[in-house]
Each structure stands twice: as structure tokens, then as C-alpha cells.
Amino acid sequence: MSYSDPRLATTLCGIKLDNPVIAASGTFGYGYEFAEMYDINELGTFSFKGTTEEARFGNESPRIAECPSGMLNAVGLQNPGVDKVISEELPKLKACFHKPVMANISGFSTDEYAYVCERLNAEKQIGWFEVNISCPNVHGGGMGFGTDPALAAEVTKRVREVTDKPVIMKLTPNVTDITEIAKACEDAGADGISLINTVLAMRINLNSRKPVIRNCTGGMSGPAVLPIAVRMVYQVSKAVTIPVVGLGGISTPEDVLEMMMAGATAVEVGAANLTEPFACKHIIDGLPEAMDRYGIKNITDIIGIAH
């Protein structure tokens, strides 16, 4: 069954999407809560909540704060752990979503990344693995995997060894040269790149004289980061030959078109889901009209056209 205008179809790492709109990990749970409001099969797909080996409660509160044109979060990868995701979350997901889903995985060591991927690999509904390498390497002094090309390549290689499904590496923007990280992932066997993750940021409460979130710093997302994301997607899509998924601040059909012109094959919508549960649906519904307004026949025609 087709859920959208055929002009919106795209292909991500060999898997066809009815449209390029993907709900981003951490903003869409495991889908079934949103399925109570609308048919989430209208989405291209979605990336479910970041999964680690063990259950994680996450960081202490307050861990979310609003700021102009965006939000800060330091949730801390709260999730029930891979075993419960398989036994409890995925069966509920399957009941309401009938397309391949993206599994977002995280870890604090290369062994953990490989273990989580291998455990989830047998789940037939998982179409892609999105590997979040913004995590600190607990065996390497706390440096984020995604800030060092060698570490990023090591995680890519380990995950690639335990699955034959597409591996998409999710990059942090908190680096000097993101193309260097992207190329290291490609060389190590990645099938795609998604970017950007949140931008490291901070705010201070003038009354308390303290940071507004308990963790002091957090990741900024929302419309304010869109220009940063567009710039990095443009750079990475020129530097690698594998598909790029663009995310960061997307909230309108026009944002989708801009990100794809920068080089994205598909896009993810994150923070917008937290303020408007129908955000993805509204963006998908508005894409054909936006395409007509800008003389776009098929959405794939504009991928990387700004180059």
C-alpha cells in the first residue's frame, strides 16, 4: 500500500522509502504512542529510541530546557536495554508499523556496540542500523567515539562484522572537520552517514546563578541548528560516495527540500516531534505542494543539486 505521492519516493541504502521523512531517534519512542494519534505508516520510516546493552535511567533532572528557537537536552540515553527492547518494545512496534524500521544503537565501548547490533540483527523488521557514535569511550579516557576518525572507524568496523544490514553512522557536529570522520566511517564499511546529532550548548539561570540543566551542558536541537546541519550535510555529501541522511532543525517541507538540495537522500525530523506530535505527518502532507511551488518533479531530482 502506498501512503504518499509517488513523486516523494526515495531509496536509502537499497531500501525503498515512500517518502524521505524519517522520525529521528529519541523523539518518537518506539512508535506506538504516536500510532494512537495517526497512521505512522505514512512515514518513510522512523529510528527508534537509542538502545544500549543494559537498561539506563539516564541523567538526573532537570535534563531538558527550552531556549529560543530550540531546546537543550541531556537525557542520557534512557532506555530499557536491548533484551527488553526485543522482548517488549519490538512486538508492540510491529503491531502498528508495517515497514522496515531503523534501529538506533549506542555504546560505551566497541564491544557494546557490536553486542547490541548482533542481538538486534535477527529482528526481521529492522531494515537499517543507525549507530550513534556521540557516546564517550569509557575505555579510552572518555573521548567521544565520533570525535576521532580512528575510533569512529573502529566502531564502524565492529558493527559491520556482525550484521549484513545497512549500517548508517550518526555523526556528532562537535568536531573541527566532520568530513574526516565521515570518510573514516565510509572506508571502514559504513553504508550511509546521518548527521547532525545535537550541538553542544549551555544556558545559565540568572536567578539561581547555575546551569539550567543538571548536567551543565546539553545538546541543542531545533530550528536554530538547521543552518549548521545544512552546511555539514553539504560538506559530507561531497566528501563521501555513500548516502547521507540529513537532520537538525527540520520542521517544514521547505526545510526538507533545502536539506536534500544540500545532498541528503532522506531526512530525519527530531525536536519538532516534541512540540507538535503531527510534525512529520504535516511535513509529508505539505511536500507535494512545496515541490510544485519550486518546480520540482520528483524529490530525488534535487539530491545534491546545490553542489
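Which residues in H2 meet Tyr115, Val116, Arg119 and Leu120 in H3?

## H2 against H3

On the H2 side, they are Val82, Asp83, Val85, Ile86 and Leu90, with contact meaning heavy atoms within 4.5 Å. The residues of this H2–H3 contact split into seven nonpolar, no polar and two charged (Ala, Val, Leu, Ile, Met, Phe, Trp, Tyr, Cys and Pro count as nonpolar, Asp, Glu, Lys and Arg as charged, and the others, Gly among them, as polar).

As for geometry, the axes of H2 (residues 82–96) and H3 (residues 110–121) come within 10 Å and cross at roughly 25 degrees. That makes H2 roughly parallel to H3 (angles under 35 degrees count as roughly parallel). H2 goes past H3 in a right-handed crossing, meaning the near helix is turned clockwise from the far one by less than a right angle.

## H4 against H5

Now the other pair: the axes of H4 (residues 149–162) and H5 (residues 178–187) come within 8 Å, crossing at roughly 30 degrees. So H4 is roughly parallel to H5. The crossing of H4 past H5 is right-handed.

Pro149, Ala152, Ala153 and Thr156 are the H4 residues here, and they meet Glu180, Ile181, Ala184 and Cys185 in H5. By class, that contact has six nonpolar, one polar and one charged residues.

## About the model

This is a predicted model, where local features need pLDDT of at least 70, side-chain atom pairs count only at pLDDT 80 or more, and totals for chains, interfaces and linings use all residues. Numbering starts from 1 along each chain as its sequence is written, and side-chain values use heavy atoms, leaving out hydrogens and water.

Helices are DSSP runs (H or I, at least four residues), numbered from the N terminus. Axes are lines fitted to C-alpha atoms, for helices over the stretch in contact, with angles from 0 to 180 degrees between N-to-C directions.

Definitions and conventions: Helices (H or I, at least four residues) and strands (E, at least two) are DSSP runs, numbered from the N terminus. Angles under 35 degrees count as roughly parallel, over 145 as roughly antiparallel, 65 to 115 as roughly perpendicular and the rest as oblique.
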